[in-house]
Amino acid sequence: MTETLMSIKQRNSCRAFKPTPLKEDQTKQLVEAALAAPSARNLQPWHIIVVTDKKQIEELDAEGMTELSTLEDKQMYNLMKERGGTLFYNAPFLMIILAEEASKWALLDCGIQCQNVTLAAQSMGLGSCILGLAGVPLEGKNGKELQKRFKFPAGYKFAVAVAVGEVEKGKEPHGHDHTKVTYIG
C-alpha cells in the first residue's frame, strides 16, 4: 500500500490536541498542501487564514461556545460540552478556509483544499479535525467584527476550517461501510 493510501486509511478526526505549537516548517507545508489543491478551471476561489496565536484561537473558541449556548436547540451545545467545551479541541493551529462568494464551485474547491490539509497533516504525524462549527462564531452575533479581526477579504465567506496539532488522545479511524457503494459494469 502506498504512503498516500496509508494516510487516507489511518486519518481520523482528532478531538484532543496537545498545546504544543507547530514548527514553522510544518505550518509552511500545510499551507503549501492547501495551495496545491486543484480547483475548477484553476480559478482558486479561496482565501486561507492561518491562525497560530493560541490566545486568538481560544477567544474564537469561547465566542463559538457562547453563540451555541444561545441557540434554542441545545443539542450541538451539549455535544460540544460533552467533548470538553471547546470547538477547536485545544489545537495550536487553525486554518480558516474562505470561499469566494461569486464562485459557483468555491465550496467544492475549498473541500478539496481541506482534504489536502488533513492528509498532509496525517502524513506529517499530526492530527487534524475538519470544523464546520468554526463558522458559528464567524457568522454569529459578533461575526462581522470577527471577520474584520481575522482579515476576511471582501467577497469571501466562511467555508470550512481545519484544526491541526500533535495528538493528545487518539482513536481508531472509522469503519468503512461497503453497502454505500454500487458498482456498475
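Predicted model: local features only at pLDDT ≥ 70, side-chain atom pairs only at ≥ 80, totals over all residues.
1. **Leu94 and its contacts.** Leaving aside residues up to four places away in sequence, its partners are Ile49, Val50, Val51, Ile57, Leu60, Phe88, Leu131, Ala161, Val162 and Ala163.

2. **The largest core.** The largest nonpolar core has 28 residues. Leu94 is among the members that touch the most other members, together with Leu60, Phe88, Ile96, Leu131, Leu138 and Phe150. Several elements each supply at least two residues of this core: strands β1 (46–51), β2 (93–100), β3 (127–131) and β4 (156–165), and helices α3 (54–69) and α6 (135–139).

3. **A second core.** There is also a separate core, of 21 residues. Leu22, Cys110, Val160 and Val162 are among its members. Note Val162 here: this residue is also on the contact list of Leu94.

4. **α3 against α4.** Helix α4 covers residues 75–82. Its axis and that of α3 come within 8 Å and cross at roughly 140 degrees. Angles over 145 degrees count as roughly antiparallel and 65 to 115 as roughly perpendicular; α3 and α4 are therefore oblique to each other. The crossing is left-handed.

5. **Residues in the α3–α4 contact.** α3 contributes Met65, Leu68 and Ser69. α4 contributes Met76, Tyr77, Met80 and Lys81. By class, this contact has five nonpolar residues, one polar and one charged.

6. **α2 against α5.** Helix α2 (residues 24–35) packs on helix α5 (residues 106–123) at an angle of about 145 degrees. Their axes are 8 Å apart. This crossing is right-handed, whereas α3 passes α4 in a left-handed one.

7. **Residues in the α2–α5 contact.** From α2 come Leu30, Ala33, Ala34 and Leu35. They meet Gln113, Asn116, Val117, Ala120 and Ala121 of α5. Seven of the residues in this contact are nonpolar and two are polar. None is charged.

8. **Phe17 in a loop.** Phe17 sits in the loop between α1 (3–10) and α2. Is this residue buried or exposed? Its relative accessible area is 2%. Buried means under 20%, so Phe17 is buried.

9. **Phe17 and Tyr89.** Phe17 and Tyr89 are 72 residues apart along the chain. Their C-alpha atoms are separated by 6.1 Å.

Notes. Residues numbered from 1 in each chain as written. Heavy atoms only, no water. Core = buried A, V, L, I, M, F, W, Y, C linked by side-chain atoms within 4.5 Å. Buried < 20%, exposed > 50% of the residue type's maximum accessible area, 1.4 Å probe, protein only. Helix = DSSP H or I, 4+ residues; strand = E, 2+ residues; numbered from the N terminus. Contact = heavy atoms within 4.5 Å. Axes fitted to C-alpha atoms, helices over the stretch in contact; angles between N-to-C directions. Parallel < 35°, antiparallel > 145°, perpendicular 65-115°, else oblique. Left-handed = near helix turned anticlockwise from the far one by under 90°. Nonpolar A, V, L, I, M, F, W, Y, C, P; charged D, E, K, R; others polar.
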